Amino acid sequence: MIWLVAFLSCIGLIGAKPSPPYNGDNGRVVGGQNAEPNKWKWQISLQLGSYEEGYFSHICGGSIIDPFYIMTAAHCIISSNPREYRVVSGEYNMNKDEGSEQFSSVERIIVHPGWTHDLGNGNDIALMKLSQPIYDNGYVGIAQLPAPGQTLPHNFDCHITGWGYIDMWGTSPPILQEALLPVVEHSVCSQPEWWGVIALKTMVCAGGDGVLSGCQGDSGGPLNCFTDGAWRVHGVVSYGPAGMCNQYRKPTVFTRVSSFLDWIYSLLLTAGTNSCETQQALRRSDKTKNININTICYIYCIFKEKTIGSMHFIYMSRKARNPHLSKRLKLWQVICCPTLHEGLPVSNQYKYQPLSGFHRLLCSHVLVFPTGLICAKPPPIHEVDNGRVVGGQNAAPQTWKWQISLQLDSYGEGFFGHICGGSIFNSYHIMTAAHCILSSDPRQYRVVAGEYNLDEEEGSEQFLPVERIIVHPGWTGDLGNGNDIAILKLAEPIYDNGYTSFARLPYAHQTLPHGFTCYITGWGRMDYWGTTPSILQVAPLPVVEHSICSQPEWWGSIALETMVCAGGDGVVAGCQGDSGGPLNCFVDGAWRVHGIASYAPSGSCNQVRKPTVFTRVSSFVDWVYSVCHP
């Protein structure tokens with residue numbers, strides 16, 4: 001017998017036998033422990049009430065999946081009137097107005113057509129379209145979703161978050177809670193002594209140890225799992241046992257997000273995204289998974305299955321093992337729609353995932369050049385000629401001898417293309433950005449030291465294979481969380497041929513004063529249209545001290561003290577392709593690498609009050625030395 005018990009704080013509750021006694025203290029563990037502030041940025045509080053009376057109360061959780069869209073559970077929809085709901089993003093402590101919150105009204109509710117109000121039938125998922133977009137104030141982020149059909153292995157650790165009950169007496173916490181819930185695979189969860197036949201393959205079970213669980217008020221919220229290098233929302237809280245939520249062998253059950261991606265993306269794509277335009281994109285007809293799209297903040301793209309035309313294209317490999325690779329390309333039509341909403345962080349990597357003809361990009365960038373891109377307002381028009389100043393001017397040869405070109409062989413065929421910069425730390429180690437690591441296979445990379453002109457073989461270059469990749473343990477894939485640093489160990493040493501040298505590093509925790517002039521170097525984009533230079537570029541970037549860069553009109557709270565901001569005049573900036581490269585500052589009688597290029601605004605990189613942001617090397621000196629001199 002299955003029944004739903006309705007509470008103001010919603011959760012699907014299904015009758016189950018009382019749990020056996022256990023010795024754990026579960027006074028607070030049902031709802032978990034206080035979450036770390038500003039960690040689960042996509043978590044929202046769904047509230048029900050009245051704008052006329054000015055009163056709303058929390059009923060469910062949810063996840064931000066778009067500036068305009070929230071994903072939650074269908075059973076959280078108590079009323080069909082969207083005016084009775086509001087969404088609070090950036091929430092942490094419900095009893096305090098902390099200044100991080102955004103209160104958004106709901107314009108439309110879309111419940112999955114397969115929802116029958118019977119939790120055992122599944123399809124417990126709904127989307128809510130907001131009346132106005134959520135903007136990035138440093139306390140919100142877009143949830144990353146799993147791959148279509150993806151499942152997780154038994155006992156894979158995930159985390160539930162929410163403001164649900166923390167005990168059987170219905171105590172509700174003011175502060176966002178989190179709890180570790182290991183996944184229970186379907187073959188186990190569907191056994192009679194667990195949930196039996198009502199545990200469907202379109203659901204995820206997690207927990208069931210009789211101690212930790214979700215509970216009333218957690219419904220609609222996310223099951224957060226770290227997969228494929230990022231936190232992703234793999235589940236939407238659906239139901240648990242009635243009575244005590246933390247019952248043995250009655251894990252919390254979630255709607256499996258990977259089973260509903262076609263439905264989600266089809267709604268988002270057809271939901272009125274404006275300013276769409278048609279482009280043409282070259283795509284290799286065999287194995288490539290990268291599409292090159294140059295624009296500002298594209299959010300959705302439809303790749304037409306019909307080939308418009310085809311051609312042969314000869315790659316002039318820049319000093320690759322095979323200098324001429326003839327590849328058959330197909331010309332594809334791409335319809336792209338931009339989001340013009342300020343500030344929501346974007347993914348710094350893109351994986352090609354077919355979704356019934358739909359392919360999603362969050363503020364896409366040129367995929368050949370991995371970089372951190374953060375959406376920002378379009379830059380004002382300047383009375384200066386900025387045709388080349390984004391990437392700077394030609395550097396003097398043999399000036400920045402520690403600068404390297406990090407190159408990737410995407411297809412395993414000996415063709416290497418520049419993706420990032422980096423700095424020579426010692427004969428065997430290169431320092432770069434963590435977000436430049438697109439593949440965990442070191443064999444796909446090579447380092448070119450002594451490089452100056454990418455299009456010419458000058459005799460100064462050393463081409464070095466990579467033996468090992470060490471990414472900082474604090475890197476989460478979220479640029480706003482920092483720790484964007486990695487070390488590459490080379491398979492053979494760099495030797496001194498007169499064109500290379502080691503980078504000098506700053507003292508631990510050393511900071512530079514506001515306005516101190518440093519220089520960025522790299523082969524990144526030089527303009528809005530994606531023009532890339534063959535010759536190493538250099539540009540002066542004055543340091544913007546943290547107290548300024550962290551102001552709301554600059555980068556806000558995502559500018560951490562472990563970062564260095566430089567530039568922001570709307571003229572000179574780092575851009576895609578400069579990532580991982582050095583911020584060079586003349587300090588204490590020598591040029592020192594004080595920063596590693598991390599992120600910049602998407603679209604036009606040279607935007608006013610949106611300086612290029614670097615990982616502050618002085619904050620990671622101890623880690624670098626421990627890795628390179630173990």
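A disulfide here is a pair of cysteine sulfur atoms within 2.5 Å. These close-ups come from a predicted model, in which local features need pLDDT of at least 70, side-chain atom pairs count only at pLDDT 80 or more, and totals for chains, interfaces and linings use all residues. Residues are numbered from 1 along each chain as its sequence is written, and side-chain values use heavy atoms, with hydrogens and water left out.

View 1. The structure has seven disulfides, and one of them joins Cys215 to Cys245, with S to S at 2.0 Å. The link of Cys215 and Cys245 is right-handed, with 60 degrees about the S-S bond. Cys215 sits in the loop between strands S11 (203–206) and S12 (222–227), and Cys245 in the loop between strands S13 (230–241) and S14 (252–256), so the bond ties together parts that are 30 residues apart in sequence. Helices (H or I, at least four residues) and strands (E, at least two) are DSSP runs, numbered from the N terminus. Cys215 is buried at 2% relative accessible area, and Cys245 is buried too, at 5%. For these labels, buried means under 20% relative accessible area, exposed means over 50%, and partly exposed is in between (1.4 Å probe, protein chains only).

**View 2. Cys518 and Cys585 join two strands.** Here the S to S distance is 2.0 Å. The torsion about the S-S bond is about 110 degrees, so this disulfide is right-handed. Cys518 belongs to strand S28 (residues 517–522) and Cys585 to strand S31 (residues 582–587), so the pair ties together parts that are 67 residues apart in sequence. Cys518 and Cys585 are both buried.

**View 3. Cys549 and Cys565 connect a helix to a strand.** The sulfurs of this disulfide are 2.0 Å apart. At -80 degrees about the S-S bond, the link of Cys549 and Cys565 is left-handed. Cys549 is part of helix H3 (residues 546–549) and Cys565 part of strand S30 (residues 563–566), so the pair ties together parts that are 16 residues apart in sequence. Both of these cysteines, Cys549 and Cys565, are buried.

View 4. Rings of Phe, Tyr and Trp (its six-membered ring) pair if their centres lie within 6.5 Å; planes under 30 degrees apart count as stacked, over 60 as edge-to-face and the rest as tilted. That rule gives eleven aromatic pairs. In one, the ring centres of Phe226 and Trp231 are 5.4 Å apart and the planes are at 70 degrees, so the pair is edge-to-face. Phe226 is partly exposed, at 33% relative accessible area. Elsewhere, Trp400, Trp402, Tyr519, Phe586 and Trp591 make up one aromatic cluster. Now for the charges: Lys250 lies over the face of Trp195, 5.4 Å from the ring centre, while the charged end of Arg592 is over the ring of Tyr507, 5.6 Å from its centre. A charge counts as over a ring if NZ of Lys or CZ of Arg is within 6 Å of the ring centre and within 35 degrees of the ring normal.

View 5. Two strands pair if DSSP finds at least two bridges between them. S25 (residues 445–449) and S26 (residues 462–471) are antiparallel, with four bridges; Val448 stands opposite Phe463 in S26. S26 and S27 (residues 486–490) also run antiparallel, joined by five bridges. Val471 has Ala486 in S27 as its bridge partner.
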